[in-house]
Amino acid sequence: MLVVGSLFMLIASLGIARLPDLLTRMHASTKGASLGVMLLMAAVALHFLEEVVFARTIAITFFVLMTAPVAAHAIGRAGYFVGIELWKGTLKDELRPNYNPLSHRLHSGLKKPAKGADTEARDDVNSEGGKGDSDTRA
């Protein structure tokens, strides 16, 4: 398990060196390093076979699995906001329509209905033939 965990970490480091942009590098480092640490800690727990060591390896594994993806997400998001260039092969940029680079604000993409728009939408649904005709809401 030590060798396999070390290989995962080696592959993650190769991904950091070879992949084209920040976001794919972050993906490689987070996945590979997390799995590598998990395998290394499992090997340590099996080697020592003590309750204290086992509890510590579980805590270390839990900590890495909880913090590494969150940290990678925060760094990737900050990189996007500063204007890092995406890889040419990126097919979809889901943040572009919701991010305003002038104010540095990211909107959820959910439109807030204007005042009174909810009742207008309900009236439109009720006026369509057969849909909601029996609905008596005002």
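**View 1. The largest pocket and the residues that line it.** In this predicted model, the largest pocket is lined by 21 residues, and those nearest its centre are Leu23, His73, Gly76, Leu86 and Leu95. On a 1 Å grid over the protein atoms alone, a pocket is an open set of points with protein on both sides within 12 Å along at least five of seven lines, where a 1.4 Å probe fits, and lining residues have an atom within 4 Å of a point. The space in this largest pocket is about 520 Å³, a volume being the space filled by probe spheres set on the points, which are joined across faces, edges and corners. Helix H2 (22–48) and helix H3 (51–82) each supply at least two residues of the lining; helices (H or I, at least four residues) and strands (E, at least two) are DSSP runs, numbered from the N terminus. Residues are numbered from 1 along each chain as its sequence is written. Because the model is predicted, local features need pLDDT of at least 70 and side-chain atom pairs count only at pLDDT 80 or more, while totals for chains, interfaces and linings use all residues, and side-chain values use heavy atoms, with hydrogens and water left out.

**View 2. The second largest pocket.** About 200 Å³ of space lies in the second largest pocket, whose lining includes Tyr80, Phe81, Gly83, Leu86 and Tyr99.

**View 3. Helix H3 and its buried residues.** Helix H3 has 32 residues and reaches 46 Å from its first C-alpha to its last, close to the 46 Å expected at 1.5 Å a residue, where the expected span is 1.5 Å times one less than the number of residues. Among the residues of H3 that are buried are Val53, Thr57, Thr61 and Val64; buried means under 20% relative accessible area (1.4 Å probe, protein chains only). What covers the buried residues of H3 includes H2 and strand S1 (99–100).

**View 4. Glycine 76 in helix H3.** Glycine 76 has its place in helix H3 and is buried, with a relative accessible area of 7%. Not counting residues up to four places away in sequence, glycine 76 touches Leu22, Leu23 and Met26, a contact being heavy atoms within 4.5 Å. The C-alpha atoms of glycine 76 and methionine 26 are separated by 7.1 Å, although these residues are 50 residues apart along the chain.

**View 5. Confidence along the chain.** The protein averages a pLDDT of 82, and 80% of the residues score at least 70, pLDDT being the predictor's confidence in each residue, from 0 to 100.

Definitions and conventions
Buried means under 20% relative accessible area, exposed over 50%, partly exposed in between (1.4 Å probe, protein chains only).
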